[in-house]
Amino acid sequence: RRRYPDPRLTQPCVPLARPTPPRRMCQDSLVAIEAGQGVKVVHPPASVPPVTSSSRALMLVLGHATCASCLLVINKWALKEFPFVWTLTTLQFTFAAAVTWAAGRVGLLEVEPLEWDRLKQFFPAAGMFFITITAGNAVVSASNVDTFIVMRSVVPIPCAILEALVLKEPYPPARSWAGLAIVLLGAVGFCLANQGLLVGSVAWVLLYLVLMPLDGVLIKQLVSASGLSPWGLVLYNNVCAAAPGLLFSALLEVSSPQQAAQMASVLQARPILVGAPILLSCWSGLAISYFQMNVRKAISSTAFMVLGVSNKVLSVLLNQLARMDANCGAASVGSVLASILGA
C-alpha cells in the first residue's frame with residue numbers, strides 16, 4: 001500500500017516565537033528580562049524610597065546649615081522684640097503650612113493634598129517636634145544663643161544610644177565617641193563659666209534634651225516611609241505642628257484679656273520693628289523646614305543631630321557681631337567652640 005505524505009507536513013516551517021519568561025520578583029525590584037536580548041528593565045516598587053544622590057544630599061546639607069545658623073540668631077532678635085515663645089513658634093509653623101499649601105494649589109510646587117490618614121501618622125512626631133522647637137526658643141529667650149548651642153551639642157549623645165536601641169543601627173565607632181566626649185567637656189566648661197545663665201531655663205533645657213533625640217528618631221522613621229514629595233513633607237509636618245501650637249498659644253499666652261492686650265500693645269507700639277523680625281523668622285522657618293525634612297531622608301538621625309551642632313560656627317560669629325548677648329568671655333566662647341569642634 002502506497003503512503004502519501006501528510007499535507008500538513010509539506011507546509012513551510014514558521015519559527016515559533018519564544019515565550020517571554022515570566023517576571024520574577026527580586027528583593028529590591030521587579031526585573032523583566034526580554035528573551036534573547038539580555039535587556040534588563042528595572043521597576044522599583046513604590047514602597048522603597050529613591051536613593052538620594054550625593055550632589056542633592058550635599059545641597060540639602062549646605063542649605064540646612066545656612067538656614068539653621070541664621071534662624072537661631074533671627075529667633076533671638078524676634079524674641080527680644082516679641083517675647084511670646086508659644087505664639088512666635090505657632091506663627092512660624094502656620095506661615096510655612098499656609099505658604100506651602102497655597103503654592104501647591106496654584107501649581108508652583110508639587111504638593112500632595114492633605115489626607116486624614118497621613119495626618120494621623122504625622123501628628124505624634126510633628127506635635128513632639130513643635131514642643132521641642134518651642135523649648136529651644138524658650139532657652140534662647142531666657143538665656144542666650146551660646147546656651148542653646150551647648151545644649152544642642154549634647155543631643156547627639158542620647159540620640160546615638162536611642163538610634164542603636166530602637167532602629168538597631170550600629171553604635172558609633174571609638175573616634176565618634178571621642179568627639180562626643182569633647183562635646184560633653186565643652187558643655188561642662190560652658191556651665192562652669194556661666195553659672196547664672198542656665199538657672200532661668202533649666203526646665204526648658206531638660207525638656208529639650210529629652211524630646212529632641214526621641215523626635216529625631218521618630219521623624220527619621222516617618223519621612224523615610226512616607227513616600228511624600230519634598231514639599232509634601234513640609235506641608236504635612238507644619239500642618240500637624242501648627243495644630244497643637246494654636247492650642248498652647250491660646251491656653252498659655254492669650255487665655256485672658258490682659259495677656260491679649262499686652263500682646264496687642266507690643267505689636268502696636270512698634271509695628272515695623274516688631275513685625276520685621278517676626279516675618280523674617282517665618283520665612284527662615286519655611287526654608288529650614290524644607291531642608292531639614294528632606295536632609296533627614298539622606299542621612300541618619302545621629303548624623304542629622306551632629307549636623308545641627310557643626311553648623312553653629314556661623315551662629316556664634318553672627319551672635320558676636322550682632323551683640324545681642326552680653327556673654328562674650330573668652331572661656332565661654334572657647335567652650336562653645338570646643339563643643340562644635342567635638343561634633
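V223 sits in helix α7, which spans residues 202-226; helices here are DSSP runs of H or I with at least four residues, and strands are E runs of at least two, numbered from the N terminus. Keep in mind that this is a predicted model, where local features need pLDDT of at least 70 and side-chain atom pairs count only at pLDDT 80 or more, while totals for chains, interfaces and linings use all residues. Residues are numbered from 1 along each chain as its sequence is written, and side-chain values use heavy atoms, with hydrogens and water left out.

**Around V223**
- With a relative accessible area of 1%, V223 is buried (buried is under 20%, exposed over 50%, partly exposed in between; 1.4 Å probe, protein chains only).
- Setting aside neighbours within four places in sequence, V223 touches L233, M293, R296 and K297 (contact means heavy atoms within 4.5 Å).
- N237 lies 14 residues from V223 in sequence, with 9.7 Å between their C-alphas.

- I161 belongs to helix α5 and is partly exposed, at 35% relative accessible area.
- Helix α5 (residues 156-166) gives the nonpolar patch its largest share, 3 residues.

**Confidence**
- The average pLDDT (the predictor's confidence in each residue, from 0 to 100) is 75 for the protein, and 73% of the residues score at least 70.
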